[in-house]
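Welcome, and please open the viewer. We will go from stop to stop, with something to select at each one.

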Amino acid sequence: MTTAINIKTVSADAANLPILEIRNLAVGYRGNQGFQRVVHDVSLLVRPGEVVALVGESGSGKTTMAQAVIGLLAENGRLEGGAIRLNGTDISGWSQKQLDTIRGRQISLIPQDPTTSLNPVKTIGAQVAEVLQIHRQGSRAEIDARVIELLTRVGLSQPELRAKQYPHELSGGMRQRVLIAIAVALRPALIIADEPTSALDVTVQKRILDLIDELRREYGTAVLLVTHDLGVAADRANHIVVLKGGRIQEQGPIAEVLASPRCEYTRKLLADAPSLGKTRSAFRVRSRPIVGPDDAIVVENLVQDFALGGKRDVFRAVDGVSFTVQRGTTHAIVGESGSGKTTAARSIVGFQKPTSGRVFVDGTEVTTLRGENLRRLRKTIQLVYQNPFASLDPRQTIFQIVEEPLLNFDPLPREDRARKVHAILDRVDLPQSVLTRRPHALSGGQRQRVAIARALVLDPQVLVLDEAVSALDVTVQAQILELLDELQQALGLTYLFISHDLAVVRQISDTVSVLHNGRQVDGGPVEDVFQRPGSAYTRELISAIPGQRNANQHSFQ
Amino acid sequence: MSRYVIGRIGQAVLVLWAAFTVSFGLLQALPGDAILIKFLNPELGLGPEQIADIRTSYGADSPLVVQYVHTAINFLTGNFGYSIHAGVPVGDLIVANLPPTLWLSTLGFLLSLVFAITLAALSALSPFAWLRAFIQSIPALFISTPVFWLGILLIQIFSFQLRLVPIINPGPWQALILPVLTLAVPISAPLAQILMRNIDHVLTEPFVAVARAKGASHRWVLWKHVAKNAVLPTLTIGGILFGELLAGAVVTEAVFGLNGLGGLTQRSVNDQDIAVLQAIVVFSAAAFVVINLTVDLLYPIFDPRLKVRQGVVA
């Protein structure tokens, strides 16, 4: 299973002693039907200073693997076989008490979500100091000095102030820096980074990954990088392990695997990854849009203010955004969190009254609509939300979910409604058998199809897709994007696509507006913006898209 | 911040006013009449005219609105009226009966905290799943125990069987032991349940995994990370449970023959002594409101997230 690997960056004799050696690992969870194995017979090596990427979709067992290595499986999880050797010692049978002596000191963790990974009622300083206190690293004064040193090292401004602050006073990127400071505090031999940047904006992601790279080189630490993002793996790893259903599909040096994937599944993953695959070879995978004669959406100088607290201060979330979307085309609003993209979308669909500016949808001015007329607008413009797990009522059946918009508008007879629901289900390629089920029985991709069906059942002209594919695995994401393209062709729909993911935007949209702190910093046809970005911010966004380093060298072979 | 404080105080005043008004309405709607109960007694030998005079002196026949405004103004100036039955100012009655109830509820509450925290700690530290399941089922038993039944049971065991607490003429502290125990058991149940659930929930938070990854032991994590996060949400429930204590005191004092507010309430209901009942309701509401207001105002001190945000994001 384990292949001999040549790593250029590591000297030959050091490479003989792996930091981490996993042999035939099997992990299972106790469920309703007894133990269910989720990791089967996995073997891999991590050598000193090396980055090994563990790549797979949700449910592939990659996070379970990471938890098993650091001994933090969920309570119902159990190692069912195999060995985990850390510097030659098998720790798979160790008790929690024994593991406590090496966690933090020899293995450490950079967790997935920085917003929930720090204790909300303890100061930053106390949480960094804790790892030093647990392993008794010096006196209180020495620890305090070391905390400031660490916070400075991970690039936090005003470290003395930060040490006294609480997590909620820091941004997501800053919190992830704090968690990195904790992870590197005792210079462990191995860091397990479990999706360390998945919850962060693309420019922040780049800076955080750069920091991990830098510290890794400085301290000679090896990293087991768990990620769903092939682009991140391509940029940062020496070695890649592709997991599916708890089994290794393929592993090898990153350049080799990217250039000539041996297994079918890896090829599919590569093809579906927006930042790696098709965008480079063919910029538009989608069919040519059937352009209508007029503009379906016109936004003129949209401004949205929010009052701050009790005082007279206002916060300008959207500051003078203008664009037009030709009927039958896709316009993307791109930006990072806090850029105002979702606020702009909410104003356009009439959920809130803009402070100034005008919005026309299908020829109707949205900004002056009230009451019943505003409600009527929902027949023209519909919204598909980001999270397919939260946007469907768990107690309704799929039929009820899709039927509901019809009840709100047309007093159609029951049979006609049923016919419409069946027809729209065919349109989004869902089997009729799902109609009697409830959302929890569906996969993420199926749920998003239901959400699209619900939006389309009223035959709207315009669909606003708010991060509609962001929560999905790449393969499912590719399928949904394909479906959206098909629907646009067949129904002449106009899309307003809200996203933080530039790679996806480039793949599916015709025109784009780039938002930064509420201002529109760039706009126009998507290829123009990508080839000749008009602002420094757009350039930074584009260069932060992962998957450009190694992939560039190998995908044009 | 000051806006928050003013808002909370405003709410508290509103609740007090509502409690006063509703209890006034309900007590007036009660059938029966305290004055008639007391003075129509044939042994007193009062004629109809004399009774009518008494009624006028108490203002019993003036229109309801006038009575309402009159009583409200009196309450605001600290005059709670006269007890028809005892013939003394209601304020004096309450002050005289307050100490036993205050001791009973304070000690009862403290003991229930001890029970709840002990149960939660045992459950969190228990090394076996079956033991934890057993400990977590205890609160359900506690909460479904009727106060009167528990009181009688405790007297049976401790006084009659074990003869640890004398029934006749116990010392002031001895007299409190069984009532406090009786009161603490049902109050501790919801506290323990919420505490246990919070601990289990906080243990699944990612920051706990991060702490374990630092090399912290289970005990260290429980003490340094879980405890404060789990206790914070129980503060509110603690405040609300105080209301239970007052209600529980009525039954407990009756069972153990204590002369507290509970006993006074019971006697006043029997005598339909509306002035006393009205004052007790408003007094209890005030105690309840003040405690919950204190809890609300204390929250920002314990939870840094509730302090005003200072613009920091750099």
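## A walk from the surface to the interface

Start by selecting B:Trp149, which sits in helix α7 of chain B. Keep in mind along the way that this is a predicted model.

Together with B:Trp149 they form a nonpolar patch on the surface, with about 730 Å² of accessible area. Now color helix α7 of chain B, residues 147-161: this helix gives the most to the patch, with 5 residues.

Now show both chains and turn to where they meet. Here 34 residues of chain A are in contact with 27 residues of chain B. How much area do chain A and chain B bury between them? The answer is about 2500 Å², with 59% of it on carbon and sulfur atoms.

For the polar side of this interface, look for 14 residue pairs in polar contact between chain A and chain B, both residues at pLDDT 80 or more. There are also 3 salt bridges between the two chains. One to zoom in on joins A:Glu75 to B:Arg132, where the closest N and O atoms are 2.7 Å apart.

Finally, select α2 (96-102), β6 (107-110), α3 (124-134) and α6 (172-184) of chain A. Each supplies at least two residues of the side of chain A that touches chain B. End on α3(A), which gives the most to that side, with 5 residues.

How values were computed. Residues numbered from 1 in each chain as written. Chains lettered and ligands numbered in written order. Predicted model: local features only at pLDDT ≥ 70, side-chain atom pairs only at ≥ 80, totals over all residues. Heavy atoms only, no water. Patch = residues over 30% accessible without salt bridge, like charges linked within 9 Å, V, L, I, M, F, W, Y side chains within 5 Å. Areas by Shrake-Rupley, 256 points an atom, 1.4 Å probe, with all protein chains shown as cover. Salt bridge = Lys/Arg side-chain N within 4 Å of Asp/Glu carboxyl O. Helix = DSSP H or I, 4+ residues; strand = E, 2+ residues; numbered from the N terminus. Contact = heavy atoms within 4.5 Å. Buried area = accessible area lost by both parts, 1.4 Å probe. Polar contact = N/O pair within 3.5 Å; in protein donor to acceptor, adjacent residues only side chain to side chain.
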